[in-house]
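Here's a quick briefing to get you oriented. Have a look at the sequence and the model first, then read on.

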Amino acid sequence: MTVNLAHWQARLDALRAEHHVPGASLALLVDGTVHELASGVLHRGTGVEATTDSVFQMGSIAKVYTATAIMRLAESGELDLDAPVVEVLPEFSVADAEATKAITTRQLLSHTSGLTCDFNHDSGRGDDCLAKYVEAAKDIALDCPPGTAISYSSVGYNVLGRIIEVVTGKVWDEALKDLLLTPLGLTHTMTLPEEALRFRAAMGHLGEAGQDPDPAPSWDLMPRSAGPYGRVIASAGDLARLARLHLDGGVAQDGTRVLSAETVALMQRRVVDSPDKWTVSADGWGLGWTLYDWNGVQGYGHDGASIGQYAYLRVVPSAGVAAALLTNGGGARELYAALYRELLAELAGVTMPEPFGPPAEPPAVDYAPLVGTYQREGVVITVTERDGAGHLVYEFVDGMKDLSEPLECDLVPVTETVFAGTGVGAAFSEDYIPVVFATLPDGTACVYIGMRCGPKVA
């Protein structure tokens with residue numbers, strides 16, 4: 001297939017400017033070839049141009065790297081995905097003793113362990129940071145019982161990072177290089193800030209929606225222990241090369257077999273459906289991968305965000321196409337949505353869903369069953385009814401309490417259980433935030449915000 005790079009460069013330039021994104025890099029994998037484009041600047045303060053070899057923070061896309069490394073260990077027989085985590089990490093525990101004994105590595109990979117997401121703990125810069133993090137996370141409450149439902153969990157991926165360390169005898173950063181980065185020849189991929197300084201590194205930008213953002217106060221505010229769930233730094237081309245490993249059935253570009261075809265297929269197999277199909281466009285989850293169903297065309301990928309940097313990976317196996325977009329602020333999600341709608345239609349025959357939002361005539365809804373207090377680690381969500389309309393307050397508590405002032409939004413019905421939250425602003429998204437009410441298998445009511453499950457407590 002011929003790729004009109006001049007056309008896509010022009011579209012990247014135009015959409016980036018329209019949505020106030022300072023800089024972006026785009027890599028397209030088509031018919032086994034990676035094409036790389038860049039636009040804008042890495043830092044509005046210095047004016048340094050974005051180039052195809054520039055590196056960006058990719059946030060939660062790090063989870064795909066951690067998952068791929070775990071699957072290498074499982075394939076080699078060094079790790080049993082279905083054995084309890086405590087068999088590898090005897091120090092691992094959660095608030096529920098029975099759950100502690102039940103949680104498996106496979107559940108961690110698919111976000112079905114029940115472990116929560118937002119446990120912010122800085123365990124230092126030492127090589128023991130993951131061991132200390134897992135120790136500090138002892139006895140945190142679960143979002144839901146293990147193996148019953150999805151609840152997006154960064155904590156779970158840090159536990160996976162620690163499992164990699166114990167099995168390999170190396171710190172996560174070094175193990176990732178040995179298991180993945182070196183075999184794939186990913187020369188523009190790293191995990192530590194001091195390694196990123198060798199390259200043209202993007203600065204995150206923050207600001208109000210619809211305006212040019214300003215450089216963030218710090219390049220990276222995450223602790224070192226965030227690595228397995230949130231800090232892999234790479235060029236868009238290198239991200240596309242990781243995708244090529246999975247598209248090519250586990251074989252690296254030089255012919256080295258990194259994973260078996262069976263393992264690659266297993267990672268893409270649906271483990272759980274997603275009640276929230278809008279926050280990260282997830283129809284379901286595999287082992288590490290977000291899974292998409294575009295009107296019958298199957299795909300996989302992942303989103304990521306850090307301090308003012310946003311990343312998007314989409315893979316369409318039936319077309320042999322992958323698209324990796326890395327950005328450094330502004331209306332990045334709007335840029336992604338507009339650009340990928342065009343890209344995937346032309347290159348892969350994909351029709352992406354319309355942007356999330358309320359219908360022209362929202363349905364009438366009985367709010368009474370939904371009113372109440374929902375809680376998960378670090379967050380309390382209060383739902384009330386005001387003059388026949390729904391209202392939500394999202395409040396950070398305990399270790400998260402200093403992250404932000406309470407966020408409030410009105411709830412506009414999409415269906416009887418799905419609502420479009422308004423007025424939250426760029427803290428969550430620049431349009432509507434999906435608020436999804438559901439019921440767990442044990443009968444507990446819950447609400448999903450940001451793919452995280454908050455059980456009803458009152």
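How many bridges join strand β19 to β20? There are 5, and the two strands run antiparallel. Strands pair if DSSP finds at least two bridges between them; strands themselves (E, at least two residues) and helices (H or I, at least four residues) are DSSP runs, numbered from the N terminus.

This is a predicted model, where local features need pLDDT of at least 70, side-chain atom pairs count only at pLDDT 80 or more, and totals for chains, interfaces and linings use all residues. Residues are numbered from 1 along each chain as its sequence is written, and side-chain values use heavy atoms, with hydrogens and water left out.

**Around β20**
- β19 covers residues 433-439, and β20 covers residues 445-449.
- Thr-439 has Ala-445 in β20 as its bridge partner.
- The β19 and β20 hairpin has 5 residues between its strands, and Gly-443 there takes a positive phi near 95°.
- On its other pairing, β20 runs antiparallel to β21 (residues 452-455) over 4 bridges, with Cys-446 opposite Pro-455.
- That β20 and β21 hairpin has 2 residues between the strands, and Gly-450 in the turn shows a positive phi of about 65°.
- β20 is mostly covered, as 4 of its 5 residues are buried (buried means under 20% relative accessible area, exposed over 50%, partly exposed in between, with a 1.4 Å probe and protein chains only).

- β14 pairs with β15 (residues 379-386) in the antiparallel sense over 5 bridges.

**Helix α2**
- α2 (residues 62-75) has 14 residues and reaches 20 Å from first C-alpha to last, close to the 20 Å expected (that's 1.5 Å times one less than the number of residues).
- 12 of the 14 residues in α2 are buried, including Val-64, Tyr-65, Ile-70 and Leu-73.
- Gly-77 follows α2, and its phi is positive, near 85°.

**Asp-139 in its loop**
- Asp-139 lies in the loop between α5 (129-136) and α6 (154-168).
- Asp-139 counts as exposed because its relative accessibility is 52%.
- Beyond its neighbours within four places in sequence, Asp-139 is in contact (heavy atoms within 4.5 Å) with Ser-93, Val-94 and Ala-95.
- Asp-139 and Pro-353 are 214 residues apart in sequence and 40 Å apart in space, C-alpha to C-alpha.
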